[in-house]
Amino acid sequence: MTLKHTVLYADDDVDDIELLKDVFLPYSNNVELVTFANGFQLISYLQNLKTEDASPCLIILDINMPLLDGKETLIEIRNSYRTKEVPVILFTTSSQPRDKEFAFKYNAGFITKPLNYQQLGHIADIFIDYCSDEVKKSIRKVI
Amino acid sequence: MIMLEFSLLTAEKQIEELYKGGVYIGKLENNKEITMLYQLDSFYVEITFSNYRKFISKIKCYDTMDKLLCYIEQVTIDEDLRCVEK
């Protein structure tokens, strides 16, 4: 049985979650997408990971979420020893330069959400490119 | 870009322009239809999608702020204030 790589995605928008599920569908044999409605739930998930559990290979965060927004969540992730090196992407409708600067400051990627399905294009590849080389090879080998 | 120029583009090009330079303002949902409002330069663009953004139903442009109100009403101020208080 192949162990799946875990991608975490926090977004309060159901519509965008559906979009991302479709993005990762071709990789579903090798990637498990775990979704959360806000950063607080994502951080709770990470805090409850056991030592023997694999860390996620990628974390995707919307910026504007209730309880704990994407930026606050990114800070929490970078402040944790276990997740400080995990690739993180801010995936957002925002086009504010300060949000891009924030992502850069905390060693995260910044991707603007596509408007529709036709713009999804190669966005899955863009996400996977943020993973480590080993994970990239593993995910793409299956396709 | 002025509104007239934008309105003469194909839907595909309009989406491309919005992706490159549009500022997302808000979203309204009605059954399976989703309408998103963007500001592009000096005007506003409303895109209505059906079936979770798989198909574009219509794209409308406005140069007034009248449409903003229904999107702004979606914003829950109390929640934002709580975030500020933190």
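Modeller: In chain B, 4 strands make an open sheet with antiparallel pairing, in the order β1-β2-β3-β4. Strands here are DSSP runs of E with at least two residues, helices are runs of H or I with at least four, and both are numbered from the N terminus; two strands pair if DSSP finds at least two bridges between them. β1 and β4 (55–62) of chain B stand at the edges with a single partner strand each, so one side of each has no neighbour in the sheet. On average, neighbouring strands of this sheet are turned by 20 degrees against each other, direction ignored. For such angles, axes are lines fitted to C-alpha atoms (for helices over the stretch in contact), and values run from 0 to 180 degrees between N-to-C directions.

Before going on, a word on the source: this is a predicted model, in which local features need pLDDT of at least 70 and side-chain atom pairs count only at pLDDT 80 or more, while totals for chains, interfaces and linings use all residues. Residues are numbered from 1 along each chain as its sequence is written, chains are lettered from A and ligands numbered from 1 in the order in which they are written, and side-chain values use heavy atoms, leaving out hydrogens and water.

Back in the sheet, 7 bridges pair β3(B) with β4(B) in the antiparallel sense. You can find one of these pairings at Val45(B), whose bridge partner in β4(B) is Cys61(B). Across β1, β2, β3 and β4 of chain B lies α2(B), which runs at about 60 degrees to β2(B); contact means heavy atoms within 4.5 Å.

Now to the partner chain. The contact takes 18 residues from chain B and 20 residues from chain A. About 1,700 Å² is buried between the two chains, and carbon and sulfur atoms give 50% of that area. Buried area is the accessible area (1.4 Å probe) that two parts lose on being put together, summed over both.

Across this interface the rule finds 2 salt bridges, a salt bridge being a side-chain nitrogen of Lys or Arg within 4 Å of a carboxyl oxygen of Asp or Glu. Asp15(A) and Lys27(B) meet in a salt bridge through their side chains, at 3.2 Å from N to O. On the side of chain B that touches chain A, the elements giving two or more residues are α2 (11–21), β1 (23–30), β2 (33–40) and β3 (43–50) of chain B. The helix α2(B) gives the most to that side, with 4 residues. By class, the side of chain B that touches chain A has 11 nonpolar, 1 polar and 6 charged residues. Here Ala, Val, Leu, Ile, Met, Phe, Trp, Tyr, Cys and Pro count as nonpolar, Asp, Glu, Lys and Arg as charged, and the others, Gly among them, as polar.

Chain A has a sheet of its own to set beside this one. That open sheet has 5 strands in the order β2-β1-β3-β4-β5 (chain A), with parallel pairing. Its edge strands are β2 (31–36) and β5 (109–112) of chain A, each of which pairs on one side only.
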